[in-house]
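This briefing goes with the structure shown below. It takes the ligand site as its opening topic and then turns to single residues elsewhere in the chain.

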Amino acid sequence: MAPMNTALLVKIGGSLKGADELLDELAGYPGPLVLVHGGGPNIGEWLGKLGFETRFHQGLRVTPPEQMEVVEMVLSTLGKQLAYGLSQRGRPSLALTGRDCGLLEATPLSPEFGRVGEVSKVNARVLKNLLEDGLTPLVAPIGTDTEGALNINADTAAGSVAGALGLPIVFLTDVVGVLGDPKNPSSRFAQLTRTEAEKLIAKGIVSGGMIPKVQAALNALGNRAPWTAIAQGRKGILADVLAGQAGTRLEG
Ligand SMILES: Nc1ncnc2c1ncn2[C@@H]1O[C@H](COP(=O)(O)OP(=O)(O)OP(=O)(O)O)[C@@H](O)[C@H]1O
Ligand SMILES: [Mg+2]
């Protein structure tokens with residue numbers, strides 16, 4: 001059982017419903033937080049309104065250069081809204097993208113994905129300074145290379161930041177954890193080892209959006225993150241995860 005005020009990195013799923021409840025939960029957490037947020041549904045909605053076609057390849061949003069500006073605008077605005085909601089609830093927060101202060105350096109995956117990147121370096125100093133000042137940073141998963149902005153999967157970015165800061169990471173999503181039968185919430189694994197998690201991916205039991213999440217968790221553990229958990233974004237969830245009473249915990 002971890003102390004109830006442990007410093008945490010929390011990844012907020014873009015598809016989470018009930019933003020108010022989630023903001024209450026995060027604002028009320030008694031320890032330091034670094035937040036990384038996705039924005040899938042909002043990005044899709046705005047690309048659609050602007051007449052762009054959206055295409056996914058291997059679970060990642062293909063991002064042609066002309067769509068990258070929209071992705072950056074939508075994620076930036078979403079981050080500002082979340083930071084405002086938390087600040088208003090008494091947790092002073094500020095929204096950054098991975099491009100601010102060179103926080104996330106990235107390299108493009110391969111040309112078929114367009115401007116999609118993976119993190120090559122995390123400049124964690126700025127986040128440490130903000131935490132020392134009692135502020136809560138929210139990071140949008142956008143990185144930079146010499147050409148400009150790169151779209152990074154939010155789970156992957158969160159895993160990299162947690163690994164670099166040495167923080168435990170909690171992925172808040174729309175399911176109670178990693179399930180043995182994706183249709184049955186009572187099939188949640190309370191714990192998984194690296195080997196077990198890799199087997200679930202190989203067998204196709206872990207699929208879709210759960211794949212980058214599990215991989216990011218394992219990657220964070222391979223760096224400096226002490227433990228990771230995947231859990232449902234609801235009231236009281238962080239205390240329950242720390243008490244070992246909710247979610248799926250992945251350990252080394
Ligand atoms: N074995 C599994 N156990 C649980 N969920 C699974 C499993 N395999 C696939 N999934 C899917 O993974 C989804 C969670 O990933 P998803 O990418 O949709 O959410 P998110 O990462 O929280 O949000 P976003 O990607 O918008 O930021 C679940 O809703 C479920 O449909
Ligand atoms: Mg996802």
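Predicted model: local features only at pLDDT ≥ 70, side-chain atom pairs only at ≥ 80, totals over all residues.

How many nonpolar, polar and charged residues does the shell around ligand 1 have? The shell has 8 nonpolar, 7 polar and 4 charged residues.

**Ligand site**

- Ligand 1 sits in the largest pocket.
- Strand 11 (169-173) and helix 7 (210-222) are the elements that give two or more residues to the shell around ligand 1.
- In total 19 residues surround ligand 1, and Gly14, Thr173, Asp174, Ile205 and Lys213 are the closest of them.

**Polar contacts of the ligand**

- The side chain of Lys213 places an N or O atom 2.5 Å from an oxygen atom of ligand 1.
- The backbone of Ile205 has a polar atom 2.8 Å from a nitrogen atom of ligand 1.
- A nitrogen atom of ligand 1 is also 3.1 Å from a backbone N or O atom of Ser207.
- The protein buries 78% of the 640 Å² that ligand 1 exposes when taken alone.

**Thr173 and Asp174**

- Thr173 counts as buried because its relative accessibility is 8%, and the cut-off for buried is under 20%.
- The side chains of Thr173 and Asp174 are joined by a polar contact of 3.3 Å.
- Asp174 is 129 residues from Glu45 in sequence, and their C-alpha atoms are 19 Å apart in space.

**Glu45 in helix 2**

- Glu45 belongs to helix 2, which covers residues 40-49.
- With a relative accessible area of 44%, Glu45 is partly exposed, since this class lies between the 20% limit for buried and the 50% limit for exposed.

**Cys101 and its backbone angle**

- Cys101 lies in the loop that runs between strand 5 (93-97) and strand 6 (104-108).
- The phi angle of Cys101 is near 55 degrees, a positive value in a residue other than glycine.
- Most residues other than glycine have a negative phi.
- Is Cys101 buried or exposed? Cys101 counts as exposed because its relative accessibility is 61%, and exposed means over 50%.

**Buried positions in other elements**

- Pro137 lies in strand 8, residues 136-140, and is buried, with a relative accessible area of 0%.
- The C-alpha atoms of Pro137 and Leu9 are 10 Å apart in space, while the two residues are 128 apart in sequence.
- Ser160 is found in helix 5, residues 154-165, and counts as buried at 12% relative accessibility.
- Ser160 and Leu104 are 56 residues apart along the chain, with 9.1 Å between their C-alpha atoms.

**The segment before strand 1**

- Where is Thr6 placed? Thr6 is in the segment before strand 1 (8-12).
- Thr6 has a relative accessibility of 17% and therefore counts as buried.
- A polar atom of the Thr6 side chain lies 2.5 Å from the backbone oxygen of Pro3.

Methods:
Residues numbered from 1 in each chain as written. Chains lettered and ligands numbered in written order. Heavy atoms only, no water. Near = heavy atom within 4 Å. Polar contact = N/O pair within 3.5 Å; in protein donor to acceptor, adjacent residues only side chain to side chain. Areas by Shrake-Rupley, 256 points an atom, 1.4 Å probe, with all protein chains shown as cover. 1 Å grid on protein atoms, 1.4 Å probe; cavity = no way out; pocket = protein on both sides within 12 Å on 5 of 7 lines; lining within 4 Å. Sits in = over half its atoms within 2 Å of the grid points. Helix = DSSP H or I, 4+ residues; strand = E, 2+ residues; numbered from the N terminus. Nonpolar A, V, L, I, M, F, W, Y, C, P; charged D, E, K, R; others polar. Buried < 20%, exposed > 50% of the residue type's maximum accessible area, 1.4 Å probe, protein only.
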